[in-house]
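Please read the following numbered points alongside the sequence and the structure.

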Amino acid sequence: MVNKIKIDEDIYIGGDEFTIIAGPCSVENLEQVEEIGSFLNRLGVKFLRGGAFKPRTDPKSFQGLGLDGLKILKKIKDKYGFKIISEIMDPRDIDEAYNYIDIYQIGSRNMYNYPLLKEVGNMDRPVLLKRGMSATIEEWIKASEYIELGGNHKIIFCERGIRAFDPYTRNVLDLMAVPIIQEKTKYPIIVDPSHGTGRRELVLPATNAAKAIGANGIMIEIHPNPAMALSDGEQSLNFGEFEELLLKIK
Ligand code: PEP
Ligand code: MN
C-alpha cells in the first residue's frame, strides 16, 4: 500500500504530502479566476480547482461555462503553473478536456456513472473520485475498480459527505472513510470540508479533523466575494478566511 499518486515531475498526492486544493465552486469569468489564481500563487498553493461543467440540482440555476470555463482555467494555469482539477460529467467531453485539465474530477452525482468511469479509466491522467452522496464505502471502492478496468491506476478518493437525516449540515462528513480507504486500497484520499459541511464556519474544524485523522489533503471552495458567488457561496471562504485556515493548520 503506497497511497501515493504521481501528478507530474516531483508533484505527488499522497505519501507524506498534505495536499491543499482550492478554488471556486464554479468558474464564473476570467477576472474571478485570475484574482483567485494570483492569491493562491502568493500562498504557494499548487492545485487550483474550478467547476466548468456544473452538476446543479436545479436545471434553471447556473450550469457552468463549459469549455469556455476550461479555457479560463488553462489561462491561469499557464500564468502561474497550477495543476488544474475540474469535473467532467459527459464522456464526450473527456478528449477535449485533456488539453486543459490535469486531474479529472468525477462528482458525487456521477460516482455510479459506469460508462463515464470506464472512459476516464482509458486515460493516463489522474482521476479524483468523489464519494456518491449515498454510496457505501464498498460501492465507492467498486467504482474505483471501474476506472482501473482501462488500466488507469491514478485514482484519488475524495470524501465529500453523505446524506443523512439532519439538515443542520449539508452532508455528514464521514471521516472514518479516510483510514478505511487508505487501508483497503492503494490510493490516497483527500477530504472536501466545503461540500461535507455546507457551512463556511465549519470548514476549519472539519479541515482540522481531516488532517488529524490522516487525510492526504483537502479541497476547499474559495471566492473573492462569497455573497456574490454563482454557486455554493454559503460554504465558500473569502481570501482572509482561507489564509487564516492555512496558518492555523500549519
Ligand atoms: C464540486 O466539487 O464542485 C461538486 C459539485 O461536488 P460534489 O460532486 O461533491 O457535490
Ligand atoms: Mn460546490
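1. The residues around ligand 1, meaning those with a heavy atom within 4 Å of the ligand, include Arg49, Lys54, Glu87, Gln105, Lys130, Arg160, His195 and Glu221. The model is a predicted one, in which local features need pLDDT of at least 70, side-chain atom pairs count only at pLDDT 80 or more, and totals for chains, interfaces and linings use all residues. Residues are numbered from 1 along each chain as its sequence is written, ligands are numbered from 1 and chains lettered from A in the order in which they are written, and side-chain values use heavy atoms, without hydrogens and water.

2. The manganese ion (ligand 2) is coordinated at 2.0 to 2.4 Å by Cys25 (SG), His195 (NE2), Glu221 (OE) and Asp232 (OD). Donors here are N, O and S atoms within 2.8 Å of the metal (3.2 Å for Na, K and Ca); water is not among the atoms, so sites may look incomplete. Along the chain, the donors follow the spacing C-x169-H-x25-E-x10-D.

3. Both Glu221 and Asp232 are buried, that is, under 20% relative accessible area with a 1.4 Å probe and protein chains only.

Note on methods. Buried < 20%, exposed > 50% of the residue type's maximum accessible area, 1.4 Å probe, protein only.
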